[in-house]
Amino acid sequence: MQVGDLVKFVGHATFYKGRVGVITQVYDQYPQRQRETAMVHFAGAEGQARDVDGLGQVNDGLHPMSFDELELV
């Protein structure tokens, strides 16, 4: 997966079920592993779920997602 890819959420979190978004950043959570985490913009989900205040989030519409939770569209 790479920046600009259209992805669908296929994980377990009910809030995200069926949502489609765009990858805006790809990074590795742990330096010893391959890139496995993405910041995904889900339209209409700004400031909700994983984008709420706290833990470094700033209500910018970007939601941190594991590649395991995403499927390319």
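The protein exposes about 4500 Å², and carbon and sulfur atoms supply 51% of that area. Accessible areas come from the Shrake-Rupley method with a 1.4 Å probe; for residues, only the protein chains shown count as cover.

This is a predicted model: local features need pLDDT of at least 70, side-chain atom pairs count only at pLDDT 80 or more, and totals for chains, interfaces and linings use all residues. Residues are numbered from 1 along each chain as its sequence is written, and side-chain values use heavy atoms, with hydrogens and water left out.

**Strands**

The protein has zero helices and five strands. Helices (H or I, at least four residues) and strands (E, at least two) are DSSP runs, numbered from the N terminus. Along the sequence the pattern reads β-β-β-β-β.

Two strands pair if DSSP finds at least two bridges between them. The table gives two such pairings.

| Strands | Sense | Bridges |
|---|---|---|
| β2 and β3 | antiparallel | five bridges |
| β3 and β4 | antiparallel | five bridges |

Y27 has T37 in β3 as its bridge partner. A38 stands opposite M65 in β4.

**Inside**

Of the 73 residues of the protein, 32% count as buried. Buried means under 20% relative accessible area, exposed means over 50%, and partly exposed lies in between (1.4 Å probe, protein chains only). Why is β3 largely enclosed by the rest of the structure? Because four of the five residues of β3 are buried.

The largest nonpolar core has 12 residues in all, among them V7, I23, A38, V40, A45 and M65. β1 (6-9), β2 and β3 each supply at least two residues of this core. A nonpolar core is a set of buried Ala, Val, Leu, Ile, Met, Phe, Trp, Tyr and Cys residues joined through side-chain atoms within 4.5 Å.

A45 belongs to that core. Leaving aside neighbours within four places in sequence, A45 is in contact (heavy atoms within 4.5 Å) with F15, R19, D51 and H63.

L6, V20, V22 and V73 make a nonpolar surface patch of about 330 Å². Patches are made of residues with over 30% relative accessible area and no salt bridge: like charges are joined within 9 Å, nonpolar side chains (Val, Leu, Ile, Met, Phe, Trp, Tyr) within 5 Å. A salt bridge is a side-chain nitrogen of Lys or Arg within 4 Å of a carboxyl oxygen of Asp or Glu. V22 lies in strand β2 (residues 20-27). V22 is partly exposed, with a relative accessible area of 36%.
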